[in-house]
Every structure is written in structure tokens, then in C-alpha cells.
Amino acid sequence: GAVVSQHPSRVICKSGTSVKIECRSLDFQATTMFWYRQFPKKSLMLMATSNEGSKATYEQGVEKDKFLINHASLTLSTLTVTSAHPEDSSFYICSAPQRGGSNEQFFGPGTRLTVL
Amino acid sequence: GQQVMQIPQYQHVQEGEDFTTYCNSSTTLSNIQWYKQRPGGHPVFLIQLVKSGEVKKQKRLTFQFGEAKKNSSLHITATQTTDVGTYFCAGQETSGSRLTFGEGTQLTVNP
């Protein structure tokens, strides 16, 4: 099946710094990618839909100025957590549907963010 | 907005016992998908159901989509330790739209 990578897999940062997470579709093009946040033993909460060449669509309650999304190419979307605080610590996962394919979502391996 | 509820939240079984998780959407769905997430891993696609009343099987796993296309179930026969993980259902109101995930059912299997 299609492969989605994420980098970094883990990151620890100080409060107030910004962290960029990359999501890449390795063997297919993705005009749309999704960013989720998952708390321990909880479900996936959709944060935003990343659209190649246009602005991301954010879910209600998600601050667009805090979680910056850029989808500059058909294989790369980035999520930047700006001015991170301890409450931003979480597991961030991206996913992408294969263009022209089924509705199946291919998930990246996730990024564990810890803000000290 | 659309909500997807899933029960039970946790299920502990002895190896060899059967397991079922149920999913219910507040709205009619275009399709429902099931994912499995192993501890420490990411969700992996299992199957998609599209038709009303559809039943699909994958070895010991049986997936059903309700007639009203609002509920679904996953049944595992004779569980094995390899079945351990969290099973999520996820619904789409229209094809290609955002996925709304259920809360997941965490399955543990005692050998």
C-alpha cells in the first residue's frame, strides 16, 4: 500500500519555541492531507485539512495561528506548532488519501511532541 | 456536527474468545471504515463498507454495515494475542470528505 512518512518521530522542546512536523507521501501524490491529534488512550481528533496550493481548513476550536499548516507540494504538508506550551504535548498524526483511489486513509507513523 | 460513538471502550478477553465492537453515527454515512492501531503505532486501514447491509469478512474478522448506514460492527472470532490493539471505526458523510473517528475499543487478549 501507499506510504506516508512523518518527521521527526519524537521531539522535545522548551516552552515558547516552535516545532515543525513534516508529513510526506512517498509513492503517491496527495492534494489533501489531514492532521490529527491523539491524546493517550483517546481517539484521533481532526485538527485541520491541508490543501495543496490553498489555505488549510481548520476544525472548530483549533487555532490557525498556533498550528500553522503549509501544503507546498503534492507530496509534502507541514504542521508548525508555534510558541509551544506543555498543553500542546501530544501525538500528532497525518494522513492522506491516495489520489484517484478509494477513501482509504494512509497514516504516517506519528510525531510525539513533548513540551517542557 | 456529526458524531460517531463506539462501544465498548475497553474489552478484555481470554485467547480463543470472541470479540465485538459496535459503532453508531449520528448521521447517515456514505461509507464507514475500520482501522486498527497497535500499542505505540499508528492506525492501519482494515476495510471500508459502502453498501447498506453490507457484510465483509477477512479471515476471523467480520464487518457489518447497518441497513440505515448509520451503524456498524466488527466481530473477531476466536481471538489471538496478535489481535491486541485499539479498533477504530471512522465514518464519512460523503465520499472523500473528512473522516470522523469513533472513540475506539481497546482490546486486550490474555493468553
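Two strands pair if DSSP finds at least two bridges between them. Strands (E, at least two residues) are DSSP runs, numbered from the N terminus. The model described here is predicted: local features need pLDDT of at least 70, side-chain atom pairs count only at pLDDT 80 or more, and totals for chains, interfaces and linings use all residues. Residues are numbered from 1 along each chain as its sequence is written, chains are lettered from A in the order in which they are written, and side-chain values use heavy atoms, without hydrogens and water.

Start with strand β9 of chain B, residues 85-92. Eight of its eight residues are buried, meaning under 20% relative accessible area (1.4 Å probe, protein chains only).

Now look at the partners of β9(B). Strand β4 of chain B (residues 31-37) runs antiparallel to β9(B), with seven bridges. Here Ile32(B) has Gly91(B) as its bridge partner. Gly91(B) also has a bridge partner in β10(B), namely Thr100(B). That strand, residues 100-101, is antiparallel to β9(B) and joined to it by two bridges. Strand β11 of chain B (residues 105-110) pairs with β9(B) over three bridges, again antiparallel. Tyr87(B) faces Thr105(B) of β11(B) there.

Turn to chain A. Gln105(A) sits in strand β10, residues 105-107. Its relative accessibility is 3%, so Gln105(A) counts as buried. What does its side chain join? A polar contact of 2.8 Å links it to the side chain of Ser95(A). Such a contact is a pair of N or O atoms within 3.5 Å; within protein, one must be able to donate a hydrogen and the other to accept it, and residues adjacent in sequence count only if both atoms are side-chain atoms.

Notes. Helices (H or I, at least four residues) and strands (E, at least two) are DSSP runs, numbered from the N terminus. Buried means under 20% relative accessible area, exposed over 50%, partly exposed in between (1.4 Å probe, protein chains only).
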